[in-house]
Amino acid sequence: MKNNEKELTKTQIIAERANKFLQKNAKKLIILLAVVVVLLIGFCIYYVVANNRLQDSYAKLYGLEESYSGLLSMDNTTDEYTDALTAFEADVDSYLADNKISSYQGSKATMLLAQVAYLEEDWQKAYDLFMAVAEENSDNYLGSLNYANAAAAAENNGDPTEALRLYTKIWDDYGISAAEAPKALFNQARLEEEAGNIDIAKSIYEQLVGQFASSYYTAIAQAKLLTF
């Protein structure tokens with residue numbers, strides 16, 4: 001019984017101390033609670049606004065991709081195509097003003113501009129844009145993809161040395177994990193062969209055959225090896 005009384009007394013003491021603390025610091029606690037509530041409301045508003053902006057950004061990007069697809073289906077010798085191309089480039093530029101290349105959306109929009117430049121055979125512009133996206137995304141799949149695109153633009157622009165450098169870079173930096181790895185190895189070997197470096201080319205073709213048995217490029221490499 002005495003133990004119960006002691007426990008009750010301890011509980012009463014704790015409750016009394018807590019009550020005094022609350023009474024003494026009531027104003028401070030109310031202010032703190034108000035600050036927490038304001039911060040929570042602010043966070044909720046920020047989250048909703050940010051989420052809406054992100055959804056709007058992706059919706060606009062999807063619209064740009066549809067416009068790009070529309071360009072591909074048009075006759076590029078017509079005035080209609082020229083007007084559509086001008087409008088498309090203006091829309092992408094406007095989009096990039098709010099979505100920098102450092103973002104995924106900005107990188108994808110820049111790629112659309114690069115692809116249009118490639119179709120228009122503006123090789124230098126295509127190269128510059130593909131390289132910008134590649135360097136901004138060197139740690140993900142957009143890096144290897146755009147280095148490959150930039151390599152193709154460089155070769156079309158009369159610079160096989162730069163194309164070879166980029167294809168080599170894809171293999172050196174990304175290895176077997178890159179979707180473009182077989183293509184990069186094949187073009188690396190092809191450019192070495194065209195430069196007269198037959199032994200190097202043969203070695204790379206053999207590497208391609210050994211590491212990517214089911215690749216489309218492997219079948220071509222096997223045919224190439226029969227000619228040496």
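The model is predicted.

Start with the whole chain. It has ten helices and zero strands. From the N terminus on, the order of elements is α-α-α-α-α-α-α-α-α-α. The chain holds 228 residues, and buried residues make up 33% of them. Take the contacts between residues at least 6 apart in sequence: 48% of these join residues at least 24 apart.

Move to helix H2, which covers residues 26–72. Leu54 sits in this helix. Its relative accessibility is 40%, so Leu54 counts as partly exposed. Leu54 and Gln105 are 51 residues apart in sequence. In space, their C-alpha atoms are 9.5 Å apart.

The phi of Glu121 is near 60°. That is a positive value in a residue other than glycine. Is Glu121 buried or exposed? The cut-off for exposed is over 50% relative accessible area. Glu121 has 54% relative accessibility, so Glu121 counts as exposed.

H7 runs over residues 160–174, which makes 15 residues. At 1.5 Å a residue, H7 should span 21 Å. The end C-alpha atoms of H7 are 21 Å apart, so the model agrees with that expectation. After H7 comes Gly175, with a positive phi near 60°.

Which residues of H7 are buried? They are Glu162, Ala163, Leu164, Leu166, Tyr167, Ile170, Trp171 and Tyr174. An α-helix has 3.6 residues a turn, so residues three or four places apart point the same way. In H7, Ala163, Leu166, Tyr167, Ile170 and Tyr174 are among the buried residues. The buried residues of H7 pack against H5, helix H6 (141–156), helix H8 (181–194) and helix H9 (198–211).

Thr161 also belongs to H7. With a relative accessible area of 62%, Thr161 is exposed. Thr161 and Leu191 are 30 residues apart along the chain. Their C-alpha atoms are separated by 8.4 Å.

Now the helix pairs. Two packed helices are described by the angle between their axes and the distance between the axes.

Take H6 and H7. Their axes are 7 Å apart and pack at an angle of about 165°. That makes H6 roughly antiparallel to H7, because angles over 145 degrees count as such. The crossing of H6 and H7 is left-handed. On the H6 side, the contact involves Gly143, Ser144, Tyr147, Ala148, Ala150, Ala151, Ala152, Ala154 and Glu155. On the H7 side, they meet Glu162, Ala163, Leu166, Tyr167, Lys169, Ile170 and Tyr174. By class, the contact of H6 with H7 has eleven nonpolar, two polar and three charged residues.

Go on to H8 and H9. Their axes come within 7 Å and cross at roughly 160°. H8 and H9 are therefore roughly antiparallel to each other. The crossing of H8 and H9 is left-handed. H8 contributes Pro182, Leu185, Phe186, Gln188, Ala189, Arg190, Glu192 and Glu193 to the contact. H9 contributes Ile198, Ile200, Ala201, Ile204, Tyr205, Gln207 and Leu208. The residues of the contact of H8 with H9 divide into ten nonpolar, two polar and three charged.

The last pair is H9 with helix H10, residues 216–225. How do H9 and H10 lie, and at what angle do their axes cross? The axes come within 9 Å and cross at roughly 140°. H9 and H10 are therefore oblique to each other. The reason is the cut-off: roughly antiparallel needs an angle over 145 degrees. The crossing of H9 and H10 is left-handed. From H9, Lys202, Tyr205, Glu206, Leu208 and Val209 take part. They meet Tyr217, Thr218, Ala221, Gln222, Lys224 and Leu225 in H10. By class, the contact of H9 with H10 has six nonpolar, two polar and three charged residues.

Tyr205 and Leu208 of H9 link these two pairs. Both residues take part in the contact with H8, and both also take part in the contact with H10.

Methods. Residues numbered from 1 in each chain as written. Predicted model: local features only at pLDDT ≥ 70, side-chain atom pairs only at ≥ 80, totals over all residues. Heavy atoms only, no water. Buried < 20%, exposed > 50% of the residue type's maximum accessible area, 1.4 Å probe, protein only. Helix = DSSP H or I, 4+ residues; strand = E, 2+ residues; numbered from the N terminus. Expected span 1.5 Å × (residues − 1). Contact = heavy atoms within 4.5 Å. Axes fitted to C-alpha atoms, helices over the stretch in contact; angles between N-to-C directions. Parallel < 35°, antiparallel > 145°, perpendicular 65-115°, else oblique. Left-handed = near helix turned anticlockwise from the far one by under 90°. Nonpolar A, V, L, I, M, F, W, Y, C, P; charged D, E, K, R; others polar.
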